[in-house]
Each structure stands twice: as C-alpha cells, then as structure tokens.
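Reader: I have a chain open here and want to go through it. Can you take my questions as they come?
Author: Go ahead.

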Amino acid sequence: MPDDVVIDMPTDSHNSKVAVHRFEPVEMAPRYAARGITSLTVGIPSSQKNSQPNVPLPPPRWKTPEFVFYYIVFAVVVPVMAWVPIRLSSPTSANYPLFRHQLKPGWLFGREVDNSDRQYRAFRDNIPALSLLALIYLTLQWIYTRSAIGSMSAIPRDNVHLVSYIIFFATLYLIGLHGTSTIKILTILTINYYIGKGLRGSRIGPLITWIFNAFILFANERNEGYRFSSLHPSLAGLDVFEGLYPRWHISFNITMLRLVSFNMDYYWACKSRCPEDRDVRTTQKERINTPHPLEFYTYANYLAYTLFPPLYIAGPILTFNDFFWQLRRPQEISLPSVMKYFMRFLICLITMEFILHTMYVVAIKDTKAWVGDSSLELSMIGFWNLIIVWLKLLLPWRFFRLWSLASGIDPPENMVRCMANNYSTMGFWRSWHRSYNLWIVRYIYIPLGGTKNVAVATLLIFTFVALWHDLSFRLLAWGWLVCLFIVPELLAAYLLPQSKYGQYWWYRHVCAVGAVFNILMMMTANLVGFVVGTEGVLYLSRQITGSLEGFRFIVIGCCCLFVGVQLMFEYREEEKRRGIFLRC
C-alpha cells in the first residue's frame, strides 16, 4: 500500500463509560510547536518515514528575490483569474441571456445562484435533511450504547455491540431512501456473501466475485435498477413505494466496492495460516492488511459494513478489515479534532457558495454560452468548472466522513490536495478520491502484479475506473487519456532522476517546465471526462490555439503556471522541513 503522511486524525471517545483501548504504539501525528503555512495541509495517517532520508533539504526560499518576484506575479494573476468569470457572469455580459434561465434566486449579495449541476444540487438542497439525519443517528447510537453497556456485567473493550444498531438503523435508512428496492439491494448483498463464504479460500473465489459484481454493475445500468413488474405483473404493486431516492443503482457503485472488499478480505483470511487476533492495532495500513479470525466474517458484520449509514451513499471507502478492526479496537478521538474537521468542511462549503453566487460557469458550460469569448475567458470557464467539480465531490465526502468520525469510525480522507495544487499526474491520482485509490491498489493493482506489471495494470485500472464511474465513451476516453499522460512523467523520472541530478541548480526549473505540461494534460483529461467531453475540449482547443492572440495567451499562461509550480515545489519542501511527507 502507498505510504502517506502521519498527521493526527480524529477518532472517537465521546462515551466516557466505554473503555477506549489505547494502541501501542499509537499512530499519532508529530506535534510541532508551529507548523506555519503547512497548517493548511490535510492530515492523513501513515508513516513519518522520509522516503529520501539521506537527501538534505534545501534552505527555505520564501524570502529570496526569486520568490518575491513570484509573489508579485501571483498577486496580479490570481485576482484576474477570479475577475474574468465574475465579469462573464454579469447581467451586462453579451451571453448572459443565453444562460440566465439556468440560474435560481440566491442568498448572497442579492445575486442569483448557479445551482444547475444536478449532482451537486442533490447534495446542496439536502444538507439540512442530511444534517438532521446525522444528529438522529448519533443521538440514537449514544442512547443504544448507554443501554447496551448498562445491561452488561463488565465494560466492553470494543464496539462490536454496535453491529446490531448499525443494521437496524441501516434497514430503516434504506427503506426511506429506496423504498421496496431495499429488497433488491439485500438480495444482491446476500448472493455476494454466499459466493465469498461458499468458495472460502478457493482460487476461483476472487474470479467469481469479480464476475458477479461486474455483471451486477452492467445489469443495473442497462435496466436502470430493474422494476418488479418486469419480473411478474403481479409484483407491480411493489414499484409504487420508491422511497426518497428511487435511483438506488446509481449509489450502488460504491456498495459494489464493499462487496468485493469483504469477499477478498475473507479469501485472504482463509489463505492466511494464522489470522491474527492481537490486542494491538497501530497504523491504518496494518488494520487494512491484518485479517480477522474467520469467525468474525459473519453475515451480520457483513451487513453492518456494507450498509454503514454514514458512508453508504458516497463513501469514503473503507475495507472490511479496517472497518471491523475499528469496532474491535476503538480508535481514540478528540472532540477538538472533529471540530477542526467540521470547520474545514464549513469553510469549503462557504467557498463553494461564493463561487456559485458569483461565477456562473456551470450554466455557461451547459448552454455553451461562450461564443465570442477570448482565449483567456474560455480557459477560465474550463478552469473554474474543474474547481467546481473538485468542490462538489469534496463537500459530500467530507460531510459523510465527518458523520463517520463522530460515530467512531475513521475512514480515509478522500481529497488531500486542492485541485489547483497539483503538478504530478501520479501525485494527483494519489490525492484525488484517495480512499478509492487505496482500494484499487489493494484489490486490483497488487493482484495484477503491481510494479512488476505497471503498464498493463495501469491500463486495466483506468479502464475499470472509467467504466465504474459511467458506462460511456466520454469516461472511457478520459481513462485512456490518463494512461497516456502518465507516460511522459514516468519517462522523465527515469531519464532525469532526482538522486542523480537533484543537486544541480537547473534541475528544479526543468522539473517545473515538465510540470507545466503535466498540468495542461491533466486539465485536458478531466475536462474530457467530467466537464465538456471530447467535442467540447476540441472546440475550446481550436478557439484558443487558432489565432495569434490565442498563441500569446498560451505562452503567458504557461509562464504563469511555471510560477505556480515553483510555489507548489517550495510548499512541499516546507512540509518536509516540518516532518510531513506526502507522496502527492
């Protein structure tokens, strides 16, 4: 599994009556007297070990003349990048009438809001209801825990007693969300469970598990979640009660990952000579890789894991081993850490609201209201759409992770870096949807051979990732573009290794030039996959590169990206000086 950074993450100790098992050694963050600007870094648990222990870190460059120049460029360019989409969103803009119908009444600055993104609108409009649901869940969990412990002769050292409560609440949760489609979900879950349990340590077990779950994904997509009436006319009455979210098959993609995780973890536990039952848990990596005794892979524990309410809808994704270790050996949590994470979520939510009230780039993109726009304006429409894609995914993930933390389960952080703070293609995919990345490494990359078979594994992984997201050519093109764009970085790292050339003054600047092209390629791939598709990207490219004005913009834009990359480099060096070693 990939190594990341060690920073303290919140885990739970709200209930003073529950004995909190303290791990030896405990996975804790290094506590620095002052972390300075690196306080902005999102913490993820992993190893403090420096991957390059013999390489001395250069002195800080923040106050050098070179970086003073970069600050001046930054202070000029960033406000321009914000002002361009704000001006395009003004009622005085020539294209405003083309997208005005997409806007709704807002609550900031007396402006309208661009709430036209369907995926984010489903979350934004339901934040109050989801917050109330989370409070009800946590309150009932507290009451249940008090009652359960009160009926026990001794205070438990684990939280396994919560399995019954999780299943009870999850059943009501599913019925409310999906109505009678809960029957379909439980049927699929049960078949998958008996595939894993029935085949145990058989070598065909993983193959059958993958075939079954791939078939379910394709069947769900093709039949749009099925209807009972298609099975038999007499069952048509079951189609009436669809719940608050009838499209259960959309979120089932996340559930499918848990089904594979349980069966694969059970398979490896069966193959293990002596599944461990230690009293000590240390790192997240150990929780993931250490199997439980076979008697813990029960149907009840399986349901509690696959239907765990805080993470059911959107994740982050936990492996079964990690989830159940956290029930068996509860993590220590601090309320201030949870509140700090809540503040991160709140700041991101307010940032998103400010963008949606001032930059109507989603509506402009959806209505193609960009005729006559300059190269700078077209590029900013694309850039801010990518920022919104990042935020619309980050906010639900952080909300549900916050809920999970408050309930005592610590899932991985999904977004480690801001989208605009990435220059490495490999690093970008380690920090974007990180829990999914960890899942892929464990259940696909390593079984396919890992570093011994990088090219084939990478192609198969991104093909799977694209089809898992959506069975469409657009995302398949995105997956293949990502594979293609990884190659230059791997080639550059092979021809110009830091261990050989890192001491030369020019090395940092050559890396920055390469990083600029990396950024352009990553933006292109993500615009194809998640914003405007292949046709939209081709149109934007023709408009930007088809004139002298466009060529000048590209040159100036690349120079600005070069400055931004230098600041990213130095920020990561500052992290290392303060003992933070991320791989992204």
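Reader: Where is confidence lowest and where is it highest in the chain?
Author: This is a predicted model, so the score is pLDDT, the predictor's confidence in each residue, from 0 to 100. Confidence is lowest in helix 23 (residues 533–545), with a mean of 77, and highest in helix 11 (residues 299–306), at 97. Helices here are DSSP runs of H or I with at least four residues, strands are runs of E with at least two, and both are numbered from the N terminus.

Reader: Which stretch has pLDDT below 50?
Author: Residues 1–33 do, and beyond near neighbours in sequence this stretch has 115 contacts in the model. A contact means heavy atoms within 4.5 Å. Residues 47–51 are also below 50, with nine contacts beyond near neighbours in sequence.

Reader: How should I treat coordinates where pLDDT is low?
Author: Where pLDDT is low, the predicted coordinates should not be read in detail.

Reader: And the mean for the chain?
Author: The mean pLDDT is 85, and 89% of the residues reach 70 or more.

Reader: What are the ground rules for numbering and cut-offs?
Author: Residues are numbered from 1 along each chain as its sequence is written, and side-chain values use heavy atoms, with hydrogens and water left out. As this is a predicted model, local features need pLDDT of at least 70 and side-chain atom pairs count only at pLDDT 80 or more, while totals for chains, interfaces and linings use all residues.

Reader: How many helices and strands?
Author: The chain has 24 helices and two strands. Of its 584 residues, 52% are buried; buried means under 20% relative accessible area, exposed over 50%, and partly exposed in between (1.4 Å probe, protein chains only). Among contacts with a separation of 6 or more, 79% are between residues 24 or more positions apart.

Reader: Switching to helix 6 and helix 7. At what angle do they pack?
Author: Helix 6 (residues 181–199) and helix 7 (residues 204–223) pack at about 165 degrees, with their axes 9 Å apart. The axes are lines fitted to C-alpha atoms, for helices over the stretch in contact, and angles run from 0 to 180 degrees between N-to-C directions.

Reader: Parallel or antiparallel, then?
Author: Helix 6 and helix 7 are therefore roughly antiparallel (under 35 degrees is roughly parallel, over 145 roughly antiparallel, 65 to 115 roughly perpendicular, the rest oblique).

Reader: Which residues make the contact?
Author: From helix 6, Ile 188, Ile 191, Asn 192, Ile 195 and Leu 199; from helix 7, Ile 204, Gly 205, Ile 208, Thr 209, Phe 212, Asn 213 and Ile 216.

Reader: What about Ala 219, buried or exposed?
Author: Ala 219 lies in helix 7 and counts as buried, at 11% relative accessibility. Leaving aside neighbours within four places in sequence, Ala 219 contacts Glu 224 and Tyr 226. Its C-alpha atom is 9.6 Å from that of His 249, 30 residues apart along the chain.

Reader: What is phi of Tyr 226?
Author: Near 65 degrees, a positive value in a residue other than glycine. Tyr 226 sits in the loop between helix 7 and helix 8 (228–231) and is partly exposed at 25%.

Reader: Phe 109, where is that?
Author: Phe 109 is in the loop between strand 1 (104–105) and strand 2 (112–113). Its phi is near 60 degrees, also positive, and Phe 109 is exposed at 56% relative accessible area.

Reader: Last one: which residues does the cis peptide bond join?
Author: Gly 315 and Pro 316, with omega about 5 degrees. Pro 316 is in the loop between helix 12 (309–312) and helix 13 (320–328).
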